[in-house]
Amino acid sequence: MDEVALLLRPRREGWVIDGTVGMGGHAEAVLERSGADVRLLGLDADPSALERASARLARFGDRVRLAHANFADLATVAATHGLAEARAVLLDLGVSSWQLDDSGRGFSFQRDEPLDMRLDPTREPTAAELLNTLDEAELARLLHEYGEERYARRIARVIVRRRPLATTGDLVAAVRAAVPRPAWPRHLHVATRTFQAVRMAVNDEPGALRRALEAGPPLLARGGRLGVISFHSGEDRIVKQTFRTLERAGYAQLEPSPLTPGDDEVRANPRARSAKLRVLERLP
């Protein structure tokens with residue numbers, strides 16, 4: 001949060017677009033450290049997250065606008081709200097701790113919940129629908145590509161054999177049955193990569209990221225900055241490649257390597273350990 005507030009806080013009047021406003025933490029930090037002439041447009045695919053962000057940011061009054069939207073539609077939402085340019089754009093990828101722990105949508109393998117995994121519960125498909133309808137080869141591809149799962153084919157085979165799956169417990173049991181016990185990771189739950197891959201597929205997270213990275217840079221004012229926090233090597237690779245391409249088109253990365261959390265932050269929030277922040281600036 002400190003790095004985001006420092007690097008993305010506008011130095012003069014204008015708009016900040018938080019494409020994944022979530023609980024409103026980053027938005028609050030940026031607004032607190034900016035002048036009263038800085039306003040924020042916050043997007044989120046999850047209506048429950050927007051409710052929480054609205055309560056948290058209420059004290060900023062008309063400096064804040066919130067929209068139920070996926071950041072893939074960044075350009076359309078900005079135009080709808082009359083924003084021609086932004087001083088800063090932030091994309092914080094993945095899911096929040098609230099979504100993992102308390103949403104009841106099956107993002108976590110720690111409890112037995114319905115296999116939903118939708119960030120936006122008004123859209124289809126659910127994780128159960130995806131797992132119970134895709135053919136074995138496509139399931140294996142998704143697990144390998146999005147989860148970097150070494151045993152993707154074996155897991156896909158067991159999932160197909162055990163259909164229909166209805167709960168997170170069903171999916172965990174399938175993964176446990178598919179992966180040889182000696183191959184279970186020491187410091188990672190055996191189903192972590194599978195859950196990550198299924199969530200990313202349900203919400204088309206790589207596709208949404210690519211569309212947001214197309215829309216975000218042109219929205220920046222001169223000297224404006226785009227920051228992306230990723231938690232998955234595949235997503236970071238997309239961001240890195242996009243930023244490198246844009247360096248030939250009037251943009252520059254603040255640092256050639258991503259910023260990562262310090263030891264104190266990881267101790268306070270272990271889920272932050274894999275976070276990588278990259279920042280792109282539109283040149284004056």
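Arg 118 counts as buried, because its relative accessibility is 11% and buried means under 20% relative accessible area, with exposed over 50% and partly exposed in between (1.4 Å probe, protein chains only). The model is predicted: local features need pLDDT of at least 70 and side-chain atom pairs count only at pLDDT 80 or more, whereas totals for chains, interfaces and linings use all residues. Residues are numbered from 1 along each chain as its sequence is written, and side-chain values use heavy atoms, with hydrogens and water left out.

Arg 118 is located in the loop between α5 (97–102) and α6; helices (H or I, at least four residues) and strands (E, at least two) are DSSP runs, numbered from the N terminus. Leaving aside neighbours within four places in sequence, Arg 118 is in contact with Arg 105, Phe 107, Arg 123, Glu 124, Pro 125, Thr 126, Val 202 and Asn 203, where contact means heavy atoms within 4.5 Å. A polar atom of the Arg 118 side chain lies 2.9 Å from the backbone oxygen of Arg 123. This pair can be read against the criterion for a polar contact: a pair of N or O atoms within 3.5 Å, of which, within protein, one must be able to donate a hydrogen and the other to accept it, while residues adjacent in sequence count only if both atoms are side-chain atoms.

The loop between α5 and α6 also holds Met 117. Its phi is near 65 degrees, a positive value in a residue other than glycine, and Met 117 is buried, with a relative accessible area of 0%. Pro 125 has its place in the loop between α5 and α6 as well, and the peptide bond from Glu 124 to Pro 125 is cis, with omega near 0 degrees. A cis peptide bond also joins Arg 163 and Pro 164, with omega about 0 degrees; Pro 164 lies in the loop between α8 and α9 (168–178). Most residues other than glycine have a negative phi, and most peptide bonds are trans.

The strands form an open sheet of seven, in the order β3-β2-β1-β4-β5-β7-β6, with mixed pairing; two strands pair if DSSP finds at least two bridges between them. The edges are β3 (64–68) and β6 (251–253), each with a single partner strand, so one side of each is left without a neighbour in the sheet. On average, neighbouring strands are turned by 15 degrees against each other, direction ignored. Helix α12 (residues 233–246) packs on the sheet, where it touches β5 (220–230), β6 and β7 (276–282), and its direction makes about 20 degrees with that of β7. Axes are lines fitted to C-alpha atoms, for helices over the stretch in contact, and angles run from 0 to 180 degrees between N-to-C directions.

Within the sheet, β1 (residues 14–18) and β2 (residues 38–44) run parallel and are joined by five bridges; here Trp 15 stands opposite Arg 39 in β2. The pairing of β1 with β4 is parallel over three bridges, and Asp 18 has Leu 90 in β4 as its bridge partner. Strand β4 (residues 86–92) is joined to β5 by six bridges, again in parallel. Along this pairing, Ala 86 is partnered by Leu 220 of β5 and Ala 88 by Arg 225. Between β5 and β7 there are six bridges and the strands run antiparallel, with Val 228 opposite Arg 278 in β7. Both β4 and β5 are mostly covered: six of the seven residues of β4 are buried, as are eight of the eleven of β5.

Helix α7 (residues 136–147) has twelve residues and reaches 16 Å from its first C-alpha to its last, close to the 16 Å expected at 1.5 Å a residue, the expected span being 1.5 Å times one less than the number of residues. Its buried residues are Leu 139, Ala 140, Leu 142, Leu 143, Tyr 146 and Gly 147. They cover an arc of only 160 degrees around the axis, which puts them on the same side of α7; the arc is that of the directions from the helix axis to the C-beta atoms. Their cover includes α6 (127–133), α8 (152–162), α10 (192–202) and α11 (205–219). On the other side of α7, Ala 137 and His 144 are exposed.

At the N-terminal end, Asp 135 caps α7 through a side-chain oxygen 3.2 Å from the backbone nitrogen of Ala 137. After α7 comes Glu 148, with a positive phi near 50 degrees. Glu 148 belongs to the loop between α7 and α8 and counts as partly exposed, at 41% relative accessibility.
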